[in-house]
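Have the view open as you read.

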Amino acid sequence: MIETEKLQQVAEKSAEQRCIDPSCDARFELNERLYVCPRCGGLLDVALEAYANADPEGLRAVWTSRLASFEPRDRSGVWRYRELLSFAADAPIVTLGEGNTPLYDAPVSAAYCGLNALALKHQGCNPTGSFKDTGMTTAVTQALILGARTVVCASTGNTAASLAAYAARARLQCAILVPRGQISNAKLAQSLDYGAAVMELDGNFDDAMRVIRELAEDESIYLVNSINPFRIEGQKTVAAELLHQRDWRVPDHIVVPGGNLGNSSALGKGFKELRNLGLIERLPRLSVVQAEGAAPFAGLFESESEVLKPIEHPQTLATAIKIGAPVSWKKALRAVLESAGSVLSVSEQEIADAKAIIGRDGVGCEPASATTVAGIKQLVASGIIGSDADVVAVLTGNILKDTDYAINYHQEKLYTHDRAADKTKEERRLTGTYSNPPARVKATKAAILEGLRRHEQEHSGNI
Ligand code: F0G
């Protein structure tokens, strides 16, 4: 039996669900249909005890050999690392070839942040255009294992689009709950095309999240928000793919946006497990960046308080992370503290400018993703990240997820939702610091050449 099969078998036997609260530490069967600990209400982790005798070199070699394979499980950037997952070898895998996302060198963004170099791990290059696919492949596979008929999620748009696609592949009924009028058209369009039952709720994401937990009490319905530990399992493999792409060199810092805090929790878990396996010797420092108007986690970190204080009316134009009561904050806090990372917030202007700068590297992302570059700029300025540090920013969504935002920025028509009643519309307008509006020209060669000359003049020395 080859080494990897042996590992897989051990994994099947020794995986369980475990409450993350050390004072509870309750354990449950892997395939018990749970979302939170039935004993104390805490979050659950999938725990694998399989690797006491793991052979790091063997694992690296197996994973590299799979890069040359055309088998769907090997082509997936999640299932390629299946030794890290609790699933049985014959699990009914639902895959769209997720993962395999590029790691770009980004010199313009690096210079903007005050760094010598910066790498962008572009999770927006997943099949539905966001990082959610890496967790949805495992969560929907688990839904099939549990015999669910209907899968549901509450979403600011990306989880919904991703679930709708994977549910369609699995032929499961899919219901998505989105805050009405608060998600981008592109994300809504995806969910409609993939055939989901789209429920537009009066209220915000946190209201949708509350309702959905009630819905999930129904046995035939399976909830796949990131509170579901099987979502986190898929998303944690991004740590392995990233390190594999870097020949197992650990970056000094990894920086992610923070909304519901599933992604930061998952990356933290991924790096920690790879360290426990002996694949890496240290953890990268994990930092989480939130939008100023939706930053309860940054508030918690700053105040060093024990409990997260939700924000009742979160506000940000980065609608993906417009969340006031993040479900996974305890897991994310654990990951940040264990890796000596930090949590911070950035303004709407900083997000908008950082997004335009990332664009100048030829890499498009949605506004939420740009919090990373804005956050890194702050962390460099405050000395937490040194200018020669090895830094990776995780871009979570594709630019095509929110084209209205980009067009409005470049035409200087982007307005914040500032609640301060005394602010005029003009005062709420963001500056198009790096704006690049389209030019209207006559259909003649001379007009176009003149347009080009003017564009060069206006943009030289801009960045
Ligand atoms: N970036 C994007 C593009 C997102 O869509 C989200 C979350 C995040 C960052 C934050 O990640 O929640 O794991 O901390 N979007 C969820 C959704 C909430 O419903 O699509 P997180």
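Start at Ile 254, whose bridge partner in strand S13 (residues 391-395) is Val 392. This is a predicted model, in which local features need pLDDT of at least 70 and side-chain atom pairs count only at pLDDT 80 or more, while totals for chains, interfaces and linings use all residues. Residues are numbered from 1 along each chain as its sequence is written, and side-chain values use heavy atoms, with hydrogens and water left out.

Strand S10 (residues 253-257) and S13 run parallel and are joined by 3 bridges; two strands pair if DSSP finds at least two bridges between them. Helices (H or I, at least four residues) and strands (E, at least two) are DSSP runs, numbered from the N terminus. S10 is also joined, by 5 bridges, to the parallel strand S11 (residues 285-291), where Val 288 is the bridge partner of Val 256. Between S10 and S11 the chain passes through helix H10 (residues 262-276), a right-handed β-α-β crossover (with the strands pointing away from the viewer, the path from the first strand over the helix to the second runs clockwise).

How many of the 5 residues of S10 are buried? The count is 5 of 5, where buried means under 20% relative accessible area, with a 1.4 Å probe and protein chains only. In a regular strand the side chains alternate between the two faces of the sheet. Here His 253, Val 255 and Pro 257 lie on one side, Ile 254 and Val 256 on the other, and both faces are covered.

Technical notes
Buried < 20%, exposed > 50% of the residue type's maximum accessible area, 1.4 Å probe, protein only.
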